[in-house]
Amino acid sequence: LAFIQQLPKAELHAHLNGCIPISTLQHLAKDHLYSATPSSTSQAVKESLERLTSGVTLNEIHEFFSLFPAIYELTATPESLAVATRDVLDLFLSANPDRNGGYPQASYLELRSTPKETPRMSRLEYIETVCNEVERYDREGDRAAVIVSLDRRMTDEVAREVVECAIKLKKAGRRVVGVDLCGDPLAGDMDSFAKHFQAAKEAGLGVTLHIAETPDNPVPETLRLLSFKPDRLGHATFLGSEEKNFVHNSRMCVEICLSSNLLCKTVKSLDEHHIRHYLKHDHPVVVCTDDTLPFKNSLVGEYALLMAPAPIGLGLSEQEVERIAKMGMDSRFRSS
Ligand code: 5GP
């Protein structure tokens with residue numbers, strides 16, 4: 001464990017609203033329920049909030065996804081979004097002597113989030129709020145940065161607005177380093193996103209795309225996404241030989257989330273995990289957590305899975321794990 005704790009590691013695939021510590025959510029939910037709860041709060045959301053405040057334990061992935069509308073209600077003001085962001089930064093980056101042997105989980109974090117328009121915030125203000133916290137937390141500028149996510153369900157107009165916000169903030173010297181494509185893996189028309197990712201690339205932003213997450217993602221769609229020439233790929237679980245060749249030739253780093261894949265049942269066992277393919281071909285990967293709230297995982301735990309003997313883990317040596325950690329650090333989107 002000490003070996004993993006002290007290893008410099010990059011967390012490059014963590015969704016803000018999926019990584020809020022449960023204690024923070026409970027605190028925000030209490031404030032929300034006992035404040036002048038907006039009349040627009042639906043009964044279903046109220047029930048989710050009550051479940052959160054009563055200390056719900058999440059056993060099933062769908063239980064977590066069903067909590068999202070409530071989580072979004074809790075992070076719908078600049079003040080609550082700032083609290084959530086701060087606690088997520090702390091979760092990954094604080095060197096708390098009572099946690100993780102006094103080492104931070106990650107040496108570097110790229111925190112991603114989908115900007116939402118709420119009655120209290122525009123999408124630009126959403127990203128500014130996250131940036132403010134990241135910049136305040138990491139004044140030196142070498143430990144944390146922001147990736148702005150586009151949801152596959154976004155309209156063309158909203159996707160354009162979001163990318164324009166990301167570019168505007170990058171040009172203003174703020175800590176935005178990239179854009180992402182996420183959300184329901186089967187939703188949306190990927191053709192319409194091409195121009196937005198092109199604009200992001202031209203502005204010097206890194207591009208990462210969730211891709212081929214399910215066996216139902218059609219090959220032409222995957223090839224279309226690869227034609228955007230992303231720098232990194234999220235999951236990339238179901239790539240066929242043509243897509244794999246493309247990925248190998250372009251050396252796009254694959255963001256690997258072991259626990260997420262096992263718990264979402266997109267991969268049956270670590271023995272069959274696609275990380276093995278990439279390691280065998282000496283292809284860049286980075287090991288990440290995805291959503292620590294539902295998966296109850298940590299970056300150190302993900303690295304422990306790399307080292308634990310089969311069938312629990314992949315049984316890799318210290319040397320191999322060191323190399324994986326270095327590949328992750330080398331795959332950061334640098335702010336400049
Ligand atoms: P947020 O962007 O709101 O900060 O983080 C939560 C959102 O991230 C979810 O609503 C979903 O759109 C996206 N997300 C979280 N985990 C996954 C995942 O494993 N796959 C995909 N495609 N999207 C995800």
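This is a predicted model: local features need pLDDT of at least 70, side-chain atom pairs count only at pLDDT 80 or more; totals for chains, interfaces and linings use all residues.
A crossing of two helices is called right-handed if the near helix is turned clockwise from the far one by less than a right angle.

Eight strands make up an open sheet, and their order is E1-E2-E3-E4-E5-E6-E7-E8. The pairing is parallel. At the edges stand strand E1 (10-15) and strand E8 (285-287); each has a single partner strand, so one side of each lacks a neighbour in the sheet. From one strand to the next, the twist averages 25°.

Strand E4 (residues 176-182) and strand E5 (residues 206-211) give an example of the pairing, which is parallel and runs over four bridges. Which residue of E5 does Asp180 stand opposite? Asp180 faces Thr208 there.

Helix H5 packs on this sheet and touches E1, strand E2 (108-113) and strand E3 (144-151). The direction of H5 makes about 150° with that of E2.

The table sets out the axes of each pair.

| Pair | Helices | Angle | Axes |
|---|---|---|---|
| H5 and H6 | residues 78-93 and residues 123-137 | roughly 40° | within 9 Å |
| H7 and H8 | residues 156-171 and residues 194-202 | about 5° | 10 Å apart |

Why are H5 and H6 described as oblique to each other? Their axes cross at roughly 40°. Angles under 35 degrees count as roughly parallel, and those of 65 to 115 as roughly perpendicular. H5 and H6 are therefore oblique to each other. Their crossing is right-handed. On the H5 side, the contact is made by Pro78, Leu81, Ala82, Thr85, Arg86, Leu89 and Leu93. H6 contributes Glu125, Tyr126, Thr129, Val130, Asn132, Glu133, Val134 and Tyr137. Sorted by class, the contact of H5 with H6 holds nine nonpolar, three polar and three charged residues.

For the second pair, the angle of about 5° makes H7 roughly parallel to H8. Ala159, Arg160, Val163, Ala166 and Ile167 of H7 meet His196, Ala199 and Ala200 of H8. In the contact of H7 with H8, six residues are nonpolar, one is polar and one is charged.

**Two places in the loops**

The peptide bond that joins Ala310 and Pro311 is cis, with omega about 5°. Pro311 lies in the loop between helix H14 (299-307) and helix H15 (318-330).

Ala212 is in the loop between E5 and helix H9 (219-227). Its phi is near 45°, a positive value in a residue other than glycine.

**Around the ligand**

Which residues come nearest to the ligand? Of the 17 residues around the ligand, they are His15, Leu16, Asn17, Ser113 and Thr114. By class, the shell around the ligand has four nonpolar, nine polar and four charged residues.

Note on methods. Residues are numbered from 1 along each chain as its sequence is written. A residue is near a molecule or strand if its C-beta atom, placed from the backbone, lies within 6 Å of it. Ala, Val, Leu, Ile, Met, Phe, Trp, Tyr, Cys and Pro count as nonpolar, Asp, Glu, Lys and Arg as charged, and the others, Gly among them, as polar. Axes are lines fitted to C-alpha atoms, for helices over the stretch in contact, and angles run from 0 to 180 degrees between N-to-C directions. Angles under 35 degrees count as roughly parallel, over 145 as roughly antiparallel, 65 to 115 as roughly perpendicular and the rest as oblique. Two residues are in contact if their C-beta atoms, placed from the backbone, lie within 7 Å. Two strands pair if DSSP finds at least two bridges between them.
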